[in-house]
Amino acid sequence: MDSRAQYNPRTVEEVFRDFKGRRAGLIKALTTDVEDFYNQCDPDKENLCLYGFPSEQWEVNLPAEEVPPELPEPVLGINFARDGMQEKDWLSLVAVHSDSWLLAIAYYFGARFGFDKSDRKRLFNMINELPSIFEVVTGTAKKQVKEKSSVSNHSGSKSKSSSKVQRAPEPQVKQTKALEPKDEEEELDEEDEDEHGETLCGACGEHYGTDEFWICCDICEKWFHGKCVKITPARAEHIKQYKCPSCSNNKRARP
């Protein structure tokens with residue numbers, strides 16, 4: 001039952017699609033599925049690797065047996081460091097190695113199928129438009145966005161995350177702020193649109209979409225697509241303090 005059956009993308013678009021699918025699977029392991037991922041990385045087991053698949057799924061497994069392997073392999077032995085580090089630091093370390101592996105896979109396909117200089121550059125630019133897994137897991141991408149949009153509007157402790165939703169009619173609806181009122185002043189609309197457009201989901205790393213429901217974690221202040229964290233607008237109405245999967249599992253973090 002080895003899920004590592006391979007296919008060979010041959011165009012820049014196909015390789016990028018492969019990259020995005022694997023990336024989504026790895027981000028899922030390190031964010032929304034972090035508890036399951038943590039438990040599977042038992043340091044008492046053999047060398048384990050984290051695999052991402054084009055189907056947006058992930059798997060913790062032993063490395064491939066054949067030498068050399070059909071594709072570049074992820075870093076070996078991620079489970080051994082699990083109990084020797086704080087959880088957030090360990091997840092960041094796995095994220096860095098996962099980013100390196102994704103680039104290795106993409107450029108392996110590029111080399112194998114003869115991408116020329118312009119194809120390689122186009123592939124790199126497409127990849128570079130997405131935040132790295134490390135940026136998604138650590139929240140670095142969101143911090144960069146915050147620095148860019150210097151809108152300092154702090155009104156009350158409960159509104160700590162309201163810089164993205166300042167104009168919502170009721171403070172308690174901050175989680176359901178995805179749809180902005182359209183009858184406000186044009187300048188404010190444009191500012192909010194730019195700011196929202198640069199917001200990244202803490203689970204999948206994709207950009208904000210005006211037609212999507214988003215929710216903000218009250219602990220780490222990261223934003224998430226409702227579908228990524230399995231929260232609906234109706235359910236959000238009854239949540240007084242929302243904690244994302246990572247913050248909910250941080251009780252395991254070791255001092």
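Which residues touch the most other members of the largest nonpolar core? They are L30, F37, L50, L123 and I133, in a core of 37 residues. The model behind this report is predicted.

## Overall layout

The protein chain has nine helices and four strands. From the N terminus on, the elements run α-α-β-β-α-α-α-α-α-β-β-α-α. The chain holds 255 residues, and 44% of them count as buried.

The accessible surface of the protein chain is about 14000 Å². Carbon and sulfur atoms account for 50% of that surface.

Helix 3 provides the largest share, with nine residues. A second core is separate and has 18 residues. F224, I231, I239 and Y242 are among its members.

L50 gives a view of the packing in the largest core, where L50 is one of the residues touching the most other members. Neighbours within four places in sequence are set aside here. Beyond them, L50 is in contact with L26, A29, L30, F37, W58, E59, V60, P74, I78, V94, S98 and W101. Two of these partners, F37 and W58, return in the next section.

The whole structure contains seven aromatic pairs. F37 and W58 form an edge-to-face pair, because their planes stand at 85°, over the 60 degrees required. Their ring centres are 6.0 Å apart. F37 lies in helix 2 (residues 34–40) and W58 lies in strand 2 (residues 58–61), so this pair ties together parts that are 21 residues apart in sequence.

F37 also pairs with W90. Here the ring centres are 5.2 Å apart and the planes meet at 10°, so the pair is stacked. This link also joins distant parts of the chain: F37 is in helix 2, W90 is in helix 3 (residues 87–112), and 53 residues separate them.

W90 is buried, with a relative accessible area of 0%.

Ring pairs link F37, Y38, W58 and W90 into a cluster. Y38 has a charged neighbour as well. The charged end of R82 sits over the ring of Y38, 4.3 Å from the ring centre.

How do strand 1 and strand 2 pair? Strand 1 (residues 49–52) and strand 2 run in the antiparallel sense, with four bridges between them. In one of these pairings, C49 has N61 of strand 2 as its bridge partner.

The two strands form a hairpin, with five residues between them. E56 is in the turn and has a positive phi of about 70°. Strand 2 is covered on both faces. W58 and V60 are buried on one side, and E59 and N61 are buried on the other.

Most residues other than glycine have a negative phi, and most peptide bonds are trans. Some places in this model depart from that pattern.

Which peptide bond is cis? The bond from V67 to P68 is, with omega near -5°. P68 is in the loop between strand 2 and helix 3.

E221 has a positive phi, near 65°, and is not a glycine. E221 is in the loop between strand 3 (214–216) and strand 4 (223–225).

K230 is another non-glycine residue with a positive phi, about 60°. K230 belongs to the loop between strand 4 and helix 8 (233–236). The relative accessible area of K230 is 64%, so K230 is exposed.

Conventions:
Residues numbered from 1 in each chain as written. Predicted model: local features only at pLDDT ≥ 70, side-chain atom pairs only at ≥ 80, totals over all residues. Heavy atoms only, no water. Phe/Tyr/Trp six-rings, centres within 6.5 Å; stacked < 30°, edge-to-face > 60°. Buried < 20%, exposed > 50% of the residue type's maximum accessible area, 1.4 Å probe, protein only. Lys NZ or Arg CZ within 6 Å of the ring centre and 35° of its normal. Pairing = 2+ DSSP bridges. Areas by Shrake-Rupley, 256 points an atom, 1.4 Å probe, with all protein chains shown as cover. Core = buried A, V, L, I, M, F, W, Y, C linked by side-chain atoms within 4.5 Å. Contact = heavy atoms within 4.5 Å.
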